[in-house]
Number of protein chains: 2
Amino acid sequence: MKDNEAAEKPEEYMPLREVVFLTLRRQILRGELKPGERLMEIALANRLGVSRTPIREAIRKLEHDGLVVMIPRRGAHVAEITRQELCDVLEVRKSLDVLAIRKANEFMTGKDLKNLRAAGEAFAVLVTQKNADLSMLGEADEHFHEMIYQGTGNRRLIQILGNLREQMYRFRVEYLKDKDIRQTLVEEHDAIVEALEKRDVEEAVRMIELHIDNQYSAINRALDQ
Amino acid sequence: MKDNEAAEKPEEYMPLREVVFLTLRRQILRGELKPGERLMEIALANRLGVSRTPIREAIRKLEHDGLVVMIPRRGAHVAEITRQELCDVLEVRKSLDVLAIRKANEFMTGKDLKNLRAAGEAFAVLVTQKNADLSMLGEADEHFHEMIYQGTGNRRLIQILGNLREQMYRFRVEYLKDKDIRQTLVEEHDAIVEALEKRDVEEAVRMIELHIDNQYSAINRALDQ
DNA sequence: TATGCGAGTCTTGTATACAAGATGTGCACA
DNA sequence: TGTGCACATCTTGTATACAAGACTCGCATA
């Protein structure tokens, strides 16, 4: 996604609206800004030390990403995520992740697969560490999946899947707390990599489906508490 | 999508940014604003009789929809659509349309199916008319598919598919010119409705896949000219 | 006590002013 | 003639001013 690209090149000029956008997004995804919380332009502008203009433009982008909801003349608030919406997102994601695996199987080179395996192992190493930072774990997991997406060569698919995954970051911290789940994730990643290495696409598809289904159960369990 | 909802309720207050957004979007989709054309804020503001503020916010939304591309400090221009991107979009759409058909088969009631059949027939009637308006044809076709999407009950899926279809409106006028293609569309719609009525989901999936594949070929042929 | 009205305040919507980077042009100089 | 630099202009980025709708809260009245 373009915003991530921007974040990867800190030497480049970045408009304030991008900075504000990234800041607010991070705060929403981390739960520092809670669902339902009002986003008042003047308050945000004062807090971030900018004027209302970049705040407003950042909010437009957040709205588009589904992270905030706007009501005309009444302002913006952080979007609530209902269980139904989570279910909807995961259903779409499952379908597209299957497409991604098929395309990745088609296009990823041996070198790509080596990098993917490395990404899976990097995540596994973090899982073995007792006091690993949850947000680092999340990023490592994200990196693994992002490599598969990149392997598809379909930019639109990459963009949509990135966006859908983003919706779930808000739950990530919750379900990553469970250590059993972490170990399961490692094993599933491994199974995916192995299937791709064997070019056994149907097995890879089964594994990614299982991976998403498990994620669904895990998040639902976390929500039940 | 929320913008369409806004358009459906003209009695409601609509911020200028929405008006500008809808205006520019229509002009881009209709080809009145051509790919690569620069969108200069002051010029647009003068032309539409508003200030730069709503223009800027509308451009942010268009950027998000992929209809315009922004380069920091250099402004926005109408996005080019390459054949590769078209291919990418259709690939994602095919995957999600299959999901939509499966969900629609699961959730659409007999009444929903009757409405769907009516929508298919409305399109068919327009096709028989010799001098039918292309944009009306396009809207009827859109309506047919939208009904399937609505039948899924998955709001996220509806939103994403709506967005993807939008990307193709820019080609719609081209490929709908071909009268043979119109007849093919009618037959395919019919086959989809019948399969759903018989609750033969695998047949419905085959038909929607064929439908998208044919659309892909048709647009590619139109582009070749 | 409950309800309705209204002034004051808060917040968003829109316009405009100002700052600074990007571009284009013409002239000087090699 | 070609290259490069400086200045003028254009355009976007950001801040601020002003307009108008939405909300709050208290008071008056039934």
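In this predicted model, strands S1(A) and S3(A) run antiparallel to one another and are joined by two bridges. One spot to look at is Leu39(A), which sits opposite Ala76(A) in S3(A). On to the other partner: strand S2 of chain A, residues 68-71, also pairs with S3(A) in the antiparallel sense, this time over four bridges. Here Met70(A) stands opposite Ala76(A), and Val68(A) has Val78(A) as its bridge partner in S3(A).

Put together, these strands make an open sheet of three strands in chain A, ordered S1-S3-S2, with antiparallel pairing. S1 and S2 of chain A are the edge strands, each pairing on one side only.

Which residues of S3(A) lie on its covered face, and which on its uncovered one? Ala76(A) and Val78(A) make up the covered face of this strand, residues 75-78, while Gly75(A) and His77(A) make up the uncovered one. Ala76(A), then, is on the covered face, and it is the residue that Leu39(A) stands opposite and that Met70(A) stands opposite as well.

**The sheet in chain B**

Chain B has an open sheet of three strands too, in the order S1-S3-S2 and with antiparallel pairing. Strand S1 (38-39) and strand S2 (68-71) of chain B are at the edges with a single partner strand each, so one side of each has no neighbour in the sheet. S2(B) pairs with strand S3 of chain B, residues 75-78, in the antiparallel sense over four bridges. Within that pairing, Val69(B) has His77(B) in S3(B) as its bridge partner. Helix H4 of chain B, residues 52-64, packs on this sheet and touches S1, S2 and S3 of chain B. The direction of that helix makes about 110 degrees with the direction of S2(B).

**The hairpin turn and its arginine**

Back in chain A, S2(A) and S3(A) form a hairpin with three residues between them. Arg73(A) is in the turn, and its phi is positive, about 65 degrees. Most residues other than glycine have a negative phi, so this one is worth a look. Is Arg73(A) buried or exposed? Arg73(A) is exposed, with a relative accessible area of 70%. In chain B, Arg73(B) also has a positive phi of about 65 degrees without being a glycine. Here are the two arginines side by side:

| Residue | Loop | Phi | Relative accessible area |
|---|---|---|---|
| Arg73(B) | between S2 and S3 of chain B | about 65 degrees | 72% |

**Helix H3 of chain A**

Now for the helices. In H3(A), residues 41-48, the buried residues include Glu41(A), Leu44(A) and Ala45(A). They span an arc of only 100 degrees around the axis, which puts them on the same side of H3(A). The general rule behind this is that an α-helix has 3.6 residues a turn, so residues three or four places apart point the same way. Ile42(A) and Asn46(A) are exposed and sit on the face of H3(A) turned away from the buried side.

What covers the buried residues of H3(A)? The cover includes helix H2 (16-29), strand S1 (38-39) and helix H4 (52-64) of chain A.

On the H2(A) side of the contact are Val20(A), Thr23(A), Leu24(A) and Gln27(A), and they meet Leu44(A), Arg47(A) and Leu48(A) in H3(A). By type, the residues of this contact divide into four nonpolar, two polar and one charged. Leu44(A) takes part in this contact and is also among the buried residues of H3(A).

**A buried arginine**

A last stop is Arg93(A), in helix H5 of chain A, residues 83-107.

Methods:
Residues are numbered from 1 along each chain as its sequence is written. Chains are lettered from A and ligands numbered from 1 in the order in which they are written. This is a predicted model: local features need pLDDT of at least 70, side-chain atom pairs count only at pLDDT 80 or more; totals for chains, interfaces and linings use all residues. Side-chain values use heavy atoms; hydrogens and water are left out. Buried means under 20% relative accessible area, exposed over 50%, partly exposed in between (1.4 Å probe, protein chains only). The arc is that of the directions from the helix axis to the C-beta atoms. Contact means heavy atoms within 4.5 Å. Two strands pair if DSSP finds at least two bridges between them. Axes are lines fitted to C-alpha atoms, for helices over the stretch in contact, and angles run from 0 to 180 degrees between N-to-C directions. Ala, Val, Leu, Ile, Met, Phe, Trp, Tyr, Cys and Pro count as nonpolar, Asp, Glu, Lys and Arg as charged, and the others, Gly among them, as polar.
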